[in-house]
Amino acid sequence: MNILQNPLCWALCFGLNLHHTIALHSAEPTQDPLPNIVLFFADDLGFGDLACYGHPYSVTPTLDKLATEGIRLEQHYVTGVTCNPSRTGLMTGRFPATFKKHTAKFGFQDRITISELLKQRGYRTGLFGKWHIGPKNEAVDGTYGLDVVKVMGKSKDPEAGRDDDLTNAAIEFMKETAGKHPFYINIMGHSTHFAVNPPDNLVEKFKHLDIDRSAFSERMQKRIDEVIEVGGDFNSSMQHYLADVYSIDLNVKRVLDAIDELGIRDNTIFVFSSDQGPAPVVYKPKGIRPYSENMIGYAGIFRGEKHTQWEGGVRVPFIIRWPGKVPEGRVDNENVTSFIDWLPTIAAITGIEDLPNGLEGEDVSAVWFGRDHTRTKPLFWNNGGPGGTIALRKKDWKYYSPRNGKVELYDLNYDLAEEKNIARSNPELVSELEAIVQNWRQQLPNYVRP
């Protein structure tokens, strides 16, 4: 078992300027027809929530099989610690803190998205499920170059799980489009976001489990204690959470089955991931709420959760399948990738050579094709605007620079759980990393909140 598994691992909108800046060379040669691209994005699913990522009780046969049919990345990161920032980085290739106005309220402003670029390339594009990338009144067909936008939440069938309808809508889009246009789809699910309250028929599948808390990492024990403290029964709470995860697996299976039925498997890139780590048992601004006891997501050995910049909050599962292009059964625990790389990587694969200025991600298609990639740009996370804590990953170093408080430095090559702060014993390295953080901080705009 790999150490990371072990519990003890988007026509440009009118008026926008596209800058001719980046020639792409590292991707495989673009082939005709262009590949379809499907991203299935879970919500608040922890790094360790799938069986193939080390969960001792999770039932995820479709995703486990998907991992054997493609590549499973173990050092993949999100661009934000909550839902909107994570989607912002993915869609634009820009870190959320570089936007002057809060994107959940004001949208992407003048930034160009991957869906706009792909639409110009001839793709039919769609988003199904959760929005959270701008004002709700902008969640309409055509926004961000998305031909079809269907913002959907709870499903009509009470026994199907909450993401059933949005999955159906995505499948219908594929059926309408396949063979006519290449397509790009964002399937933005709601599971396992609060509140985890799956239907009884799904929970029943797990009722036989007598769950041993010692099967989980030391980092998970505090979360288990919190479940008990809020009045939950750990066994029942885990059964409900596993049922919600299982519903994700069922929906992924339906999408993959539809791809096979349409005969487009070999020319479809399918990616599964999550928008950040597991949500806390109790979200302190709101306190204990109904179903708080079911927030029992698992980040494996990693410290932290959603809302935090620790590895448990920002490192997520990432599985990619593209038959004949992506190697089968590869587990990559060496290469560092992020959703900040999504736009330049997809652009490279689809032959888009004209990209916006200022992209902060890089083309990591080599990793997707089973090769190594030496990352040249650091990764940043910023909470609360320019004045907030900034976390940095550069090579194997994870560095935390708060406005006030203790600087922290961890060597992820040896300390995945971020337990030993080595800042005091590495003053020169701290100075080097702090200079990178401060240079980036000084470039951030004055943040306008809603």
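Strand E4 (residues 124–129) and strand E6 (residues 183–188) run parallel to each other and pair over six bridges. Strands, named E, are DSSP runs of at least two residues, while helices, named H or I in DSSP, are runs of at least four, both numbered from the N terminus. Two strands count as paired if DSSP finds at least two bridges between them. Within this pairing, Arg124 has Phe183 of E6 as its bridge partner. The structure is a predicted model, in which local features need pLDDT of at least 70 and side-chain atom pairs count only at pLDDT 80 or more, whereas totals for chains, interfaces and linings use all residues. Residues are numbered from 1 along each chain as its sequence is written, and side-chain values use heavy atoms, with hydrogens and water left out.

E4 and E6 belong to an open sheet of eight strands with mixed pairing, in the order E5-E4-E6-E1-E7-E8-E2-E9. In general, strands of a sheet pair through backbone hydrogen bonds, either parallel or antiparallel. Strand E5 (148–151) and strand E9 (330–332) stand at the edges; each has a single partner strand, so one side of each is left without a neighbour in the sheet. From one strand to the next, the twist averages 10 degrees.

Helix H1 lies across strand E2 (71–73), E7 and strand E8 (318–321), and runs at about 60 degrees to E8. Such angles run from 0 to 180 degrees between N-to-C directions, with axes fitted as lines to C-alpha atoms, for helices over the stretch in contact. Leu66 is placed in H1 (residues 61–68). Leu66 counts as buried because its relative accessibility is 0%. Buried means under 20% relative accessible area, exposed means over 50%, and partly exposed lies in between (1.4 Å probe, protein chains only). Not counting residues up to four places away in sequence, Leu66 touches Leu256, Phe270, Phe272, Ile319 and Arg321, where contact means heavy atoms within 4.5 Å. The C-alpha atoms of Leu66 and Lys253 are separated by 9.5 Å, although these residues are 187 residues apart along the chain.

The aromatic rings come next. Rings of Phe, Tyr and Trp (its six-membered ring) pair if their centres lie within 6.5 Å; planes under 30 degrees apart count as stacked, over 60 as edge-to-face and the rest as tilted. By this rule the model has 25 aromatic pairs. The ring centres of Tyr77 and Trp381 are 5.4 Å apart and their planes stand at 55 degrees, so this pair is tilted. Because Tyr77 lies in strand E3 (residues 76–77) and Trp381 in strand E11 (residues 379–382), the pair ties together parts that are 304 residues apart in sequence. Tyr77 and Trp381 are both buried. Trp310 and Tyr410 form an edge-to-face pair, with 6.2 Å centre to centre and 70 degrees between the planes. This pair also links distant parts of the chain, 100 residues apart: Trp310 is in the loop between strand E7 (268–274) and helix H9 (311–314), and Tyr410 is in strand E14 (residues 408–411). Trp310 counts as buried because its relative accessibility is 17%, and Tyr410 because its relative accessibility is 3%.

Ring pairs also link Phe41, Phe318, Phe339, Trp342 and Trp368 into a cluster. Trp342 is one of the buried residues of H10. Helix H10 (residues 342–349) is mostly covered, with eight of its eight residues buried. Just after H10, Gly351 takes a positive phi of about 75 degrees.
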